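Visitor: I have a structure open on my screen and would like to talk through it. Could we start with the sheet?

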Amino acid sequence: MLTVRGLTKEFGGRRVLEGVDLDVAEGEVVALVGPNGAGKTTLMRCLVGIEEPEDGEVLLDDRPLDTREADVRGDVLALLDDSAWFPDLTVLEHLDLLARADSVVDPTEVARAALVDVGLTGVADQVPGTLSSGQKQRLSLAVALVRPWRLLLVDEPEQRLDTAGRAWLGEWLGLQAAEGRSVLMACHSEDLVAASGARVVVVSGG
């Protein structure tokens, strides 16, 4: 589903990524692992066009991956920043709006079900700015429950989750793969890698 060839990225003359090759098959969870500063987040940002690489290509189904195209936006969901909330909407309203934007059937019910899955029903009527850091992380993950996608790109989804939360997340990611979806995540949690059945790709930087 996802093919990356020869991806190279520099910042201020320093090469952060050097000729990265990567494949993510349909129905596969892939975990990018490596020390802080190795370039995992930079790689994810290059894949969705937030950062522009110096060289290389990124393909989705053998076509250039361009998130400006409507059909690509319907296939690829990137959860790389947990601060992009609508400040005046409640948690439930936020998810409901995202579901409606993607023409999901019964968006409010889908949003409510997502809050149950991530354990946020108790804060459904709060605005995101009032949530704890762990609750914000769960809200980020809830976005993936209300929007359609074939490929999920997520940066350190285990951050600020407790043991039970990581166990749920690992099981959920594995279920997504079993249904034919694909996941690429930057990850520091060995437990999450194991629980999700992820294939490990080591990122060592430039």
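Visitor: In which sense do strand β1 and β2 pair, and over how many bridges?

Guide: This is a predicted model. In it, β1 (residues 2–11) pairs with β2 in the antiparallel sense, over 7 bridges.

Visitor: What is the strand order of the open sheet?

Guide: The order is β2-β1-β4-β5, 4 strands with antiparallel pairing. The edges are held by β2 (14–24) and β5 (63–64); each has a single partner strand, so one side of each lacks a neighbour in the sheet.

Visitor: Which strands does helix α1 touch?

Guide: Helix α1 (residues 40–47) packs on the sheet and touches β1, β2 and β4 (55–60). Its direction makes about 115° with that of β1.

Visitor: Back to F11. What sits over its ring?

Guide: The charged end of K9 does, 4.9 Å from the ring centre. A further case involves R181, which lies over the face of W149, at 4.9 Å from the centre of that ring.

Visitor: Which aromatic cluster does W149 belong to?

Guide: W149 forms one aromatic cluster with W168 and W172. The count of aromatic pairs comes to 2. In the pair W168 and W172, the ring centres are 6.0 Å apart and the planes stand at 15°; planes under 30 degrees apart count as stacked, so this pair is stacked.

Visitor: Where do W168 and W172 lie?

Guide: Both are in helix α6 (residues 163–178), 4 residues apart, which is about one turn of the helix.

Visitor: And is W172 buried or exposed?

Guide: W172 has a relative accessibility of 11% and therefore counts as buried, the limit being under 20%. W168, with a relative accessible area of 23%, is partly exposed.

Visitor: Changing topic: which residues have the most contacts inside the largest nonpolar core?

Guide: They are L95, L152, W172, L173, V183 and M185, in a core of 40 residues. Helix α5 (residues 133–146) gives the largest share of this core, 7 residues. Apart from it lies another core, of 27 residues, among them L7, L43, L65 and V201.

Visitor: What does V183 touch?

Guide: Leaving aside residues up to four places away in sequence, V183 touches V24, E28, V29, V30, W149, L151, L152, V154 and L173.

Visitor: Where does D106 lie, and what is its phi?

Guide: D106 lies in the loop between α3 (91–101) and α4 (107–118). Its phi is positive, about 50°, although D106 is not a glycine. D106 is exposed, with a relative accessible area of 52%.

Visitor: And D62, which loop is that in?

Guide: D62 is in the loop between β4 and β5. Its phi is near 70°, again a positive value in a residue other than glycine. At 66% relative accessibility, D62 counts as exposed, because the limit for that class is over 50%.

Conventions. Residues numbered from 1 in each chain as written. Predicted model: local features only at pLDDT ≥ 70, side-chain atom pairs only at ≥ 80, totals over all residues. Heavy atoms only, no water. Phe/Tyr/Trp six-rings, centres within 6.5 Å; stacked < 30°, edge-to-face > 60°. Helix = DSSP H or I, 4+ residues; strand = E, 2+ residues; numbered from the N terminus. Buried < 20%, exposed > 50% of the residue type's maximum accessible area, 1.4 Å probe, protein only. Lys NZ or Arg CZ within 6 Å of the ring centre and 35° of its normal. Pairing = 2+ DSSP bridges. Contact = heavy atoms within 4.5 Å. Axes fitted to C-alpha atoms, helices over the stretch in contact; angles between N-to-C directions. Core = buried A, V, L, I, M, F, W, Y, C linked by side-chain atoms within 4.5 Å.
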